[in-house]
Amino acid sequence: MTAASATRVTPADLTITPRDRRFGRDEATPRWWHGGNPYASALYNALSATFPIGEAFFVESVRKFRDGADPRLAQEIAAFTTQEVIHSREHLAFNRRAADSGYDLTLLEARVEERLALLRSKPPIASLAATMALEHFTAILAHELLADSRHLAGADTATAALWRWHAAEEIEHKGVAYDTWLNATQGWTRTKRWKVKAKVMVLVTRNFIVDRTAGALELLRQDGITGVEAWARLLWYAWVRPGMFARVFAAWATYFAPGFHPWNEDDRALIADFGVDDATFRKVRSAA
Ligand SMILES: [Fe+2]
Ligand SMILES: [Fe+2]
């Protein structure tokens, strides 16, 4: 048995289903779409600003290692690619609506480009390790978003639907980058794998928290909210109530445990409402 197959715990009956949905195309999205709350809106907008560029990078990083993947993993990489391409399309449309309501996201996008340029200057396995770390991040944030209705309470209906749909698909494909990594590093020792994985996760976490906080503060500055008030109320929202970042800490830490795999926690019950039976689902052609 190879190291990859020994540690692969992705459920045998998992299906990754791209759902080609469109959100919020018919009307303008309110500037403070998240319940009239500038801090909540700024935090989610700062996240969304990173998605079109970031998810294209995830796809590029994973697909560099698809040679040598078994047929099942190859199929999952294809479905993951299709899901991420559609996510990018919908978040690009959302970001345009944010721009229409007066926000300038260019500084936030430039920051992501800068981080990714540094990663691209390193061997491709570094990009895969960063993708794997960020996909864990995305999956635990998605889990929390769907598990606790307070996170989107009061949000604009179409925009909340966009975030829930995205969260559901992030849970569904959460093992793909990880399994690709297991396959690509079969020849590595366990110690080397852990060291690289852990080091990259620490760096990615630091950058994620610093950059998303700075991004949200920039959007609040564009709202005319600055100084201690901006910092204090943004940090309260992100870390205390509802406290998304603090609430995912325990799930984040499992990444460093021996034997970690994203599917050690099977949380598909959270995405049951987004299944293939859904009336608005229509099958999409693979973009991979
Ligand atoms: Fe995504
Ligand atoms: Fe993803």
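**Figure 1. Glutamate 84 bridges the two iron ions, ligand 1 and ligand 2.** In this predicted model, the iron ions are separated by 3.8 Å. Donors are N, O and S atoms within 2.8 Å of the metal (3.2 Å for Na, K and Ca); water is not among the atoms, so sites may look incomplete. Glutamate 55 belongs to helix α2 and glutamate 84 to helix α3, so the pair ties together parts 29 residues apart in sequence. Helices are DSSP runs of H or I with at least four residues, numbered from the N terminus. Glutamate 55 and glutamate 84 are buried, that is, under 20% relative accessible area, where over 50% would be exposed and values in between partly exposed (1.4 Å probe, protein chains only).

Figure 2. Glutamate 84, in helix α3 (residues 71-100), and histidine 173, in the loop between α6 (157-172) and α7 (176-184), are 89 residues apart and link distant parts of the chain. Histidine 173 is buried, as is glutamate 84.

**Figure 3. The largest nonpolar core holds 82 residues.** Such a core is a set of buried Ala, Val, Leu, Ile, Met, Phe, Trp, Tyr and Cys residues joined through side-chain atoms within 4.5 Å. Tyr44, Trp163, Leu220 and Tyr255 touch the most other members. The biggest share, 14 residues, comes from helix α2 (residues 38-63). Apart from neighbours within four places in sequence, tyrosine 255 is in contact with Ala129, Met132, Ala133, His136, Tyr178, Lys197, Met201 and Phe260; contact means heavy atoms within 4.5 Å.

**Figure 4. The rings of phenylalanine 23 and tryptophan 165 form a tilted pair.** The whole structure contains 16 aromatic pairs. Rings of Phe, Tyr and Trp (its six-membered ring) pair if their centres lie within 6.5 Å; planes under 30 degrees apart count as stacked, over 60 as edge-to-face and the rest as tilted. Here the ring centres are 5.0 Å apart and the planes at 45 degrees, so the pair is tilted. Phenylalanine 23 sits in the loop between α1 (3-7) and α2, tryptophan 165 in helix α6, 142 residues apart. Relative accessible area is 8% for phenylalanine 23, which is therefore buried. Tryptophan 165 is buried at 0%.

**Figure 5. The charged end of arginine 31 sits over the ring of tyrosine 103.** The distance to the ring centre is 4.1 Å. The criterion is NZ of Lys or CZ of Arg within 6 Å of the ring centre and within 35 degrees of the ring normal. Arginine 268 likewise has its charged end over the ring of tryptophan 263, 5.9 Å from the centre.

**Notes.** Residues are numbered from 1 along each chain as its sequence is written, while chains are lettered from A and ligands numbered from 1 in the order in which they are written. Local features need pLDDT of at least 70, side-chain atom pairs count only at pLDDT 80 or more, and totals for chains, interfaces and linings use all residues; side-chain values use heavy atoms, with hydrogens and water left out.

Note on methods: Helices (H or I, at least four residues) and strands (E, at least two) are DSSP runs, numbered from the N terminus.
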